[in-house]
Amino acid sequence: RSKPPSSLFGLRLREARLLAGIPQDRLGTAIGLDETTASARISRYETGVHAPPVEIAARLAMVLNVPTPFLYCEDDELAEVIQAWYHLSKNERSRLLTLIRTKPDLS
């Protein structure tokens, strides 16, 4: 049984990896890590022992098909919005932005 994530980044990384159905070793090699250390390195990122540099986080996000900001988002609902936005077409994004920008101030 693996150790639960102790960092926000680790939690989001594990969530994205499990959703993508990619084992730690395969994810590590997909971003260019040596296969002898790939699984251990991804495990350390997920448990919060180490935080990857932003360039590595961007590669992880690309392989997992999530936007990089998703991996750092503190708010669960906003993380869901970021994830959904990433998968919208240009036209859908434009329509959503119009809706957001024309929403009356509720205060």
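A residue is classed as partly exposed when its relative accessible area lies between the limit for buried, under 20%, and the limit for exposed, over 50%. In this predicted model, D75 has a relative accessibility of 39% and therefore counts as partly exposed. D75 is located in the loop that connects helix 4 (54–64) with helix 5 (76–86). On the surface, D75 belongs to a patch of negative charge, together with E74, E77 and E80.

The loop between helix 4 and helix 5 also contains N65. Because its relative accessibility is 41%, N65 is likewise assigned to the partly exposed class. Most residues other than glycine have a negative phi. N65 is not a glycine, yet its phi is positive, at about 60 degrees.

A further loop position is P23, which is found between helix 1 (8–20) and helix 2 (24–30). With a relative accessibility of 36%, P23 counts as partly exposed. P23 and T47 are separated by 24 residues in sequence, and their C-alpha atoms lie 15 Å apart in space.

The largest nonpolar core comprises 21 residues, among which L13 and L60 touch the most other members. Two or more residues of this core are supplied by each of helix 1, helix 3 (38–47), helix 4 and helix 5. The greatest contribution to the core, 5 residues, comes from helix 4.

Methods
Residues are numbered from 1 along each chain as its sequence is written. This is a predicted model: local features need pLDDT of at least 70, side-chain atom pairs count only at pLDDT 80 or more; totals for chains, interfaces and linings use all residues. Side-chain values use heavy atoms; hydrogens and water are left out. Patches are made of residues with over 30% relative accessible area and no salt bridge: like charges are joined within 9 Å, nonpolar side chains (Val, Leu, Ile, Met, Phe, Trp, Tyr) within 5 Å. Accessible areas come from the Shrake-Rupley method with a 1.4 Å probe; for residues, only the protein chains shown count as cover. A salt bridge is a side-chain nitrogen of Lys or Arg within 4 Å of a carboxyl oxygen of Asp or Glu. Lys and Arg count as positive and Asp and Glu as negative; His and the chain ends are not counted. The place of a charge is taken as NZ of Lys, CZ of Arg, CG of Asp or CD of Glu. Helices (H or I, at least four residues) and strands (E, at least two) are DSSP runs, numbered from the N terminus. Buried means under 20% relative accessible area, exposed over 50%, partly exposed in between (1.4 Å probe, protein chains only). A nonpolar core is a set of buried Ala, Val, Leu, Ile, Met, Phe, Trp, Tyr and Cys residues joined through side-chain atoms within 4.5 Å.
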